[in-house]
Amino acid sequence: MSDMLQAKTGLKIPLRVILIVPFIIQIVLIVGWVGYLSFRNGRQAVNAATLHLRDEITTRIEDHLHTFLSTPHQINRLNANALRQKVLTVHDPQALEHHLWEQIQVFDSVTSIYFGNTDGGLADAGREGAEGNLYVIETEGFIRGPFNKYATDSLGNRTNLLTSIPDFDARTRAWYTGAVEKGSANWSEIYILFTGQDMAIAASQPVYDAQGTLLGVCATDIFLSHLQAYLKNIQIGKTGQSFIIERSGLLIASSTDEAPFTDPDGPEPQRRLDASESTIPHIRHAAEFLIDQFGDYHQITTGQKLEFAIEGQRQFMQVTPLQDEYGIDWLVVVIIPESDFMAQIHANNRVTLYFMGLALVIAIGVGIITTQWITQPILRLNASAQILAEGEWSQKVAVGWISETSELTASFNTMAGQLRQTLENLRSEITQRQQTQKELEKERAFTEAALNAQQDTFFVFDPTNNQAIRWNKTFSEISGYTDEEIAARKAPDDWYSDTDLQKAAKAIEEVFREGHAVVEIALITKNQGKIPTEYSIAPIKDQEGKLNYLIAIGRDITERKRAEAALQESHQRLEQTLVELQEMQEKMMQQERLAAVGQLAAGIAHDFNNIMATVVLYAQMTARDKDLPAYVRKRMETINQQAEQATQLIQQILDFGRRAVLARQAIDLQSILNEQCALLARTLPENIEIQFLNDTPGDTLIYADPTRIQQIVTNLAVNARDAMPNGGKLQFKLEYFVFPPHITPPVAEMTPGDWVKMSVSDTGTGIPDDVLPHIFEPFFTTKSPLGSGLGLAQVYGIVAQHQGHITVETQLNHGTTFILYFPMLLPTPVSTINEQNADNSLYLPDLMMGEGAYILLVEDDATVRQALAESLELLNYQVRTAANGEEALEILEAQQSEIALVLSDMVMPDMGGLALFQALRQKALEIPVILLSGHPLETQATQVQGISNWLLKPPSLEQLAQAIADALAP
């Protein structure tokens, strides 16, 4: 390296400098390194000491806080258990007051223990003032009312009345409402006392009796000045500080005399201080540093050991989150200045630097003297060597007194004689070699020109070490590597992938075996591009037939590969297109079948519901005959029940065809499943275990018809029951499902967004593969003749009508899981869905009877018209009838003043119910109109303004009576 430096710069360095300078540099480096290690070890010792001290102080503060904060909840649990076990009673405030007075003397870390009952009453015992004087509080009559505070004597008896507050109600206090809302133990917010001299926090717990009825709330107050006093008593180095804050940044306590709130006598309303507002520099700077470091106190989730500076002075800080199960979420901060520990270390460093400088001066002096002794004989030898280089071969160097230099001088004199003879021999040999070299260079130039003229790549490599020894210009240009880079790389290991190397290895084996091989592999260029190349490999042997090298000639086959790839891609696209066309054709056929069923269902509904209207109304009217024999009444009940089943059957078909009317509203799916699981537990066989898992932290709101959702749960539960004849487990599960745009959906038509996912799983027999594609088809059943094949078809239709999706997972003998997805609503007030206990009895004693008003009945079906007319007369109304809207208009023009209400079918020849309503409004006739329909109601129709009510056929007498009474009500 020194020769290269001299050749480039012409720099010559004296021997004295070479001997002295490295020696001095070594001394300086060693001394500097020792000084640095001394300083670093001091800093490390400080870091270790502060780390241990921070951990110890933080642990002490945490232990104290856990004890301090757990005591109020322990007291609440003791009192709650005493009330629950009736050791204390909520009806004996005097005994409760004395019990609390005894407790406040035992637990000196709390300031007040009290109980509020469900009537707003309060019983309280506490201490106040520096002397800790005890007091008791009770509302008069232990109910909402006057609040009286008394001093007590040594036995707990009341003495002087200290304070009286009118109209106190414990139920309105934050400690009471917070505990009741949560349903378990809870902490209140930290608040400043009304005296303005301290802050406090309340722990509260609701108390329930054995039946789950709320008895009241137990609570305990603690003053936070206790924490301030504790922190001030902890010694943290010399000037260290500690403080406690909430996640909002508000101060709770510190080890200083500064109050964590503003002066009560100040010009502004009293409030709590933020840590960044503190007048204590350590607290203020620490708070600002934490905000800069984390952005928000809520981001500090684990213990942090940090460093920051105040006016250039390093500060060690430890921040530790403190949380409990009742809602405490604080941060404990401990700060230790580095200056408390570094004074002695700085003094030691100054002494170390002084001795280091002295040692450096002495070492340099000794080095200079030693160098003079060593360099003198070497300099003489150097002068003689220069004379020898000038051609003076007779020069001899005198031998010195140093052993090594003496031997070197004798060797120099001998070498000079031998060198003279060698130079004479070399002159003759050089002349011969120069001639040979000229001939070799001429031959090499011809060979290289021939190889570089080829368009194919060419290289020769040594198979023993995979090193390239010759290559042409084409190979350099295609690969992108310079000649120097090619010479430094292994061939072919650095130019081909592992897979191609395996193919190349097999080709080389073929060369050894057959004498030639052809292989297609991709050359990896310098810019990581790949060039498909076809190589022809052959051996190069010496005169004895031994293989020395391999020669490879490669041809770029990129265009050929592109053509092959394009052909293959075209073939794949064609196959994919055929598959997509086939799937689309099957899907369209399925949709056409479903549309046909839906259209058929809508057509059937009208005529079928007209028939059922007549049956239901006559059955209910006949059943109300008081003189009807019991066996006939029983038969009428059977007719009504069968009519209801027939109506439900047509409703199932309408649900599948998505033609049913939905009464949609915002509902909580969790509430419905809770009610349905309770109902199924009473109705399904006892050998079926019902389980409801809820993995959602809050409400599961969807916009749906609660009756239809209940129908879904019932149908799936019945299917699960049939799949588990020997019993098993039926599990309902709710969870949130967030579907982002870049993720493949679980259902093809599903759009990105927030969904509520409901899973219904059984441990039954599973669904066979040949049955699975048909389970949602109407009238397809494996339970014939017991099943209609409409249960799952109805589920499918209801889910689709709610813009939801349904999938199924099944395995033979391992059960089936139906997975339903419903669009989730943002949290809004949810309608309460009450369980409806259906009463199939025909005997509803309280009908809304009329007062003889005239009703115009418009119905084109004569049988239905007659049944409705008799029903209205049974309800004490007078009836006029018309077969269509035009006849109704003629009657109204003649008897407008007599007609109180129009009850009309919606679909009729000539003029239907909607057209009749619009004609009435055009004529400015404000007669109430109720429409009947046997067709599924379209959403647009039901939203027409001014219609008094809509009734689906067949209506019951109760529905008819209620609708008319509501329409005629003033």
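This is a predicted model: local features need pLDDT of at least 70, side-chain atom pairs count only at pLDDT 80 or more; totals for chains, interfaces and linings use all residues.
How close do the axes of helix H18 and helix H19 come, and at what angle do they cross?

**Entry 1, H18 and H19.** The axes of H18 (residues 885-895) and H19 (residues 913-922) come within 9 Å and cross at roughly 30 degrees; because angles under 35 degrees count as roughly parallel, I noted H18 as roughly parallel to H19. The crossing is right-handed. From H18 I listed Gly885, Ala888, Leu889 and Leu892 as making the contact, and from H19 Leu916, Ala919 and Leu920. By class, these residues divide into 6 nonpolar and 1 polar, with no charged residue.

I then asked which residues of H19 are buried, and found Gly913, Leu916, Phe917, Ala919 and Leu920. Viewed down the helix axis, the buried residues of H19 fall within an arc of 160 degrees, so they line one face of the helix. An α-helix has 3.6 residues a turn, so residues three or four places apart point the same way. Covering the buried residues of H19 I found, among others, H18 and the strands E27 (854-858), E29 (899-905) and E30 (929-933). Just after H19, I noted that alanine 924 takes a positive phi of about 65 degrees.

The contact includes Leu669, Ile672 and Gln676 of H14, and Pro706, Val713 and Thr714 of H15; its residues divide into 8 nonpolar, 3 polar and no charged.

Notes
Residues are numbered from 1 along each chain as its sequence is written. Side-chain values use heavy atoms; hydrogens and water are left out. Axes are lines fitted to C-alpha atoms, for helices over the stretch in contact, and angles run from 0 to 180 degrees between N-to-C directions. Helices (H or I, at least four residues) and strands (E, at least two) are DSSP runs, numbered from the N terminus. Angles under 35 degrees count as roughly parallel, over 145 as roughly antiparallel, 65 to 115 as roughly perpendicular and the rest as oblique. A crossing is left-handed if the near helix is turned anticlockwise from the far one by less than a right angle, and right-handed if clockwise. Contact means heavy atoms within 4.5 Å. Ala, Val, Leu, Ile, Met, Phe, Trp, Tyr, Cys and Pro count as nonpolar, Asp, Glu, Lys and Arg as charged, and the others, Gly among them, as polar. Buried means under 20% relative accessible area, exposed over 50%, partly exposed in between (1.4 Å probe, protein chains only). The arc is that of the directions from the helix axis to the C-beta atoms.
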